[in-house]
Amino acid sequence: MNRLKNGLILFILISFLSLIAIMPVACLFKTVTGISCPACGMTRAFISILDFDFLEACYHNLLSIPLFLFLIYSAIMLLKDFIQNRFSYIPRVLQFLGQYSFIFILLLSISFIFNNIK
């Protein structure tokens, strides 16, 4: 059962990374409100990262490089859990996010402000 959970999560993560490289996505929040959300520009930033243009990625979204690295690390850890038939990475990530939620809210707020100033 652990292998199935890890495989499904890993498949979703890899599919997401593959889709952003080929498919343009419009921000629903910006379409409705007219202002940029904290994640606006993330697709363009990920494409810039894949092209090794890190300054352009930071311009599109400040959080793009840390988030991209986190997604790559998560894919590796999920693959490791999948091979070892364990389910330990996701509970650890959820616990970490719960403990440090204030920091993530602060980072999202900074990204929101930066996206609307530029």
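Modeller: Start with helices. A helix here is a DSSP run of H or I with at least four residues, numbered from the N terminus. Leucine 106 is found in one of these, helix H7. Keep in mind that this is a predicted model.

Biologist: What makes leucine 106 partly exposed?

Modeller: Its relative accessible area is 43%. Buried means under 20%, and exposed means over 50%. Leucine 106 has 43%, so it counts as partly exposed.

Biologist: Which nonpolar surface patch includes Leu106?

Modeller: One of about 990 Å². Among its other members are Leu62, Leu94, Phe96, Tyr100 and Ile110. Two elements give two or more residues to the patch: helix H6 (89-99) and helix H7 (101-117). H7 gives the most, with six residues.

Biologist: Now asparagine 61. Why is it called buried?

Modeller: Its relative accessibility is 0%. The cut-off for buried is under 20%, so asparagine 61 counts as buried.

Biologist: Where is asparagine 61, and what does its side chain contact?

Modeller: Asparagine 61 is in the loop between helix H4 (54-60) and helix H5 (64-84). Its side chain makes a polar contact with the side chain of serine 111, at 3.5 Å. Leaving out residues up to four places away in sequence, asparagine 61 also touches others, including Pro38, Cys40, Met42 and Asn115.

Biologist: How many aromatic pairs are there in the whole structure?

Modeller: The search finds five.

Biologist: How do you know that phenylalanine 46 and phenylalanine 68 pair, and why is the pair called edge-to-face?

Modeller: Their ring centres are 5.3 Å apart, and the limit for a pair is 6.5 Å. Their planes are at 70°.

Biologist: What is the geometry of the pair formed by tyrosine 73 and tyrosine 89?

Modeller: The pair is edge-to-face, with 5.9 Å centre to centre and 70° between the planes. Tyrosine 73 is in helix H5, and tyrosine 89 is in helix H6.

Notes. Residues are numbered from 1 along each chain as its sequence is written. This is a predicted model: local features need pLDDT of at least 70, side-chain atom pairs count only at pLDDT 80 or more; totals for chains, interfaces and linings use all residues. Side-chain values use heavy atoms; hydrogens and water are left out. Patches are made of residues with over 30% relative accessible area and no salt bridge: like charges are joined within 9 Å, nonpolar side chains (Val, Leu, Ile, Met, Phe, Trp, Tyr) within 5 Å. Accessible areas come from the Shrake-Rupley method with a 1.4 Å probe; for residues, only the protein chains shown count as cover. A salt bridge is a side-chain nitrogen of Lys or Arg within 4 Å of a carboxyl oxygen of Asp or Glu. Buried means under 20% relative accessible area, exposed over 50%, partly exposed in between (1.4 Å probe, protein chains only). A polar contact is a pair of N or O atoms within 3.5 Å; within protein, one must be able to donate a hydrogen and the other to accept it, and residues adjacent in sequence count only if both atoms are side-chain atoms. Contact means heavy atoms within 4.5 Å. Rings of Phe, Tyr and Trp (its six-membered ring) pair if their centres lie within 6.5 Å; planes under 30 degrees apart count as stacked, over 60 as edge-to-face and the rest as tilted.
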